[in-house]
Amino acid sequence: MSPSNHKTMLAAVLHELGGRLRIERLPIPRPGPGEILIKVVACGVCHSDVHACDGDWPTPPTLALIPGHEVTGHIAELGEGVNDLAVGDAVGVPWMYSACGDCEYCRAGMETICKQGEATGYTKPGGYAEYMLAPAAFVAKVDASVDLYALAPILCAGVTTYRGLRRSLVSPGQWVAVIGIGGLGHVAVQYAKAMGFRVVALDVSREKLELARSLGAERVFEVGDEPEVAIQAQLGGVHGVLVTAVASQAFELAVRLLRPGGTAVYIGQPGGAADEVRTSIDRIVNWELAIRGSNVGTRRDLHEAVQFAASGLVKAQISLCTLDEINTVFEQIRQGDVVGRKVLKIA
């Protein structure tokens, strides 16, 4: 397990925004105080990785960048002061690399918006590599029996959608709509069912809608067929909407799906010029609707989301690929050709 016999590692590295990732051999990092060195087993490939590498968001990532924030692996080395984990333990690393723990947001349980927070695979090196560092306090310990390849997407797609569903304020037995049944959405449907919600799924793809139905969605609608008319007529609107798609029309549609007092939660991030929406102020005011943003999960969300998956209630649909296929996978994601989640098989 110790990396002492191997001084270098393979990693996929981005040197310029919009460029291709290059497979390079780099020195294996050493853990500092409070850190662990992880021998990576798997890393999910998230649409956010593509946005990061393409420079789609206002704050660019730190270059040179090793992307990847859906990481599972085993601890190879402990830094000074790490006493609650052991070499060989299985762990998961999410997008939220760290938070300060002491600002007004952290103290209020909103460490996801800590202004001193760091992001795995964005401001810190991520999991597209054979080894990576992580703060011990921000990883999830995973039972040794869990499939680390299947679990990898839960570290982002799972944690993110689980938190979004919690922020929708939907109660068991109420209706929640999931717009976009992709890498995030197909996981969101499962979390919603596991949390006791009744699920409506919406997408432009019949194939993805059939996937949603197989995962427990009671109603499915194609987005191009004015689904708001049918949903308002049949259900009186939904109590909550989770938008995992990246088209601006999806965010606008979400408001039209809500019943009075409902909440739309925005998760997908279009980036660039598409990062604006138009909606009805009259509907929002008179129906007392709420629109909430939700980015990633706190440590509480992380541990709870992992437990749902570890217990078998939620499982991402994955297909494995190798590190040297990463540029091809990125292009498939850009074209919308990926159903479920791609996972890099690192070890």
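**Entry 1: the second largest pocket**

I looked up the second largest pocket and found a volume of about 260 Å³. On a 1 Å grid over the protein atoms alone, a pocket is an open set of points with protein on both sides within 12 Å along at least five of seven lines, and lining residues have an atom within 4 Å of a point. Grid points are joined across faces, edges and corners, and the volume is the space filled by probe spheres set on the points. The pocket has 19 lining residues, and those closest to its centre are Tyr266, Ile267, Gln269, Gly293 and Ser294. Helices α4 (157-167) and α8 (248-257) each give at least two residues to this lining. I noted its classes as eight nonpolar, seven polar and four charged residues. Ala, Val, Leu, Ile, Met, Phe, Trp, Tyr, Cys and Pro count as nonpolar, Asp, Glu, Lys and Arg as charged, and the others, Gly among them, as polar.

I recorded that the model is predicted, that local features need pLDDT of at least 70 and side-chain atom pairs pLDDT 80 or more, while totals for chains, interfaces and linings use all residues. Residues are numbered from 1 along each chain as its sequence is written, and side-chain values use heavy atoms, without hydrogens and water.

**Entry 2: the cavity**

The largest cavity holds about 30 Å³ of space. Its lining consists of Pro94, Trp95, Met96, Leu155, Cys156, Val159, Thr160, Val296 and Gly297. Seven of these lining residues are nonpolar, two are polar and none is charged.

**Entry 3: the sheet**

I traced an open sheet of six strands with parallel pairing, in the order β12-β11-β10-β13-β14-β15. Helices (H or I, at least four residues) and strands (E, at least two) are DSSP runs numbered from the N terminus, and two strands pair if DSSP finds at least two bridges between them. The edge strands are β12 (219-222) and β15 (290-293); each has a single partner strand, so one side of each lacks a neighbour in the sheet. Strands β10 (175-179) and β13 (238-243) pair over four bridges, and Ile179 has Val243 of β13 as its bridge partner.

Helix α7 (227-235) packs on the sheet and touches β10, β11 (198-203), β12, β13 and β14 (258-266). Contact means heavy atoms within 4.5 Å. The direction of α7 makes about 155 degrees with that of β12.

**Entry 4: two crossing helices**

The axes of α1 (47-54) and α11 (326-334) come within 10 Å and cross at roughly 100 degrees. Axes are lines fitted to C-alpha atoms, for helices over the stretch in contact, and angles run from 0 to 180 degrees between N-to-C directions. The two helices are therefore roughly perpendicular, a term for angles of 65 to 115 degrees. I listed His47, Asp49, Val50, Cys53 and Asp54 of α1 in contact with Phe330, Ile333 and Arg334 of α11.

**Entry 5: backbone exceptions**

Most residues other than glycine have a negative phi, and most peptide bonds are trans. I found a cis peptide bond between Leu63 and Ala64, with omega about -5 degrees. Glu226, in the loop between β12 and α7, has a positive phi of about 50 degrees.

Conventions:
1 Å grid on protein atoms, 1.4 Å probe; cavity = no way out; pocket = protein on both sides within 12 Å on 5 of 7 lines; lining within 4 Å. Parallel < 35°, antiparallel > 145°, perpendicular 65-115°, else oblique.
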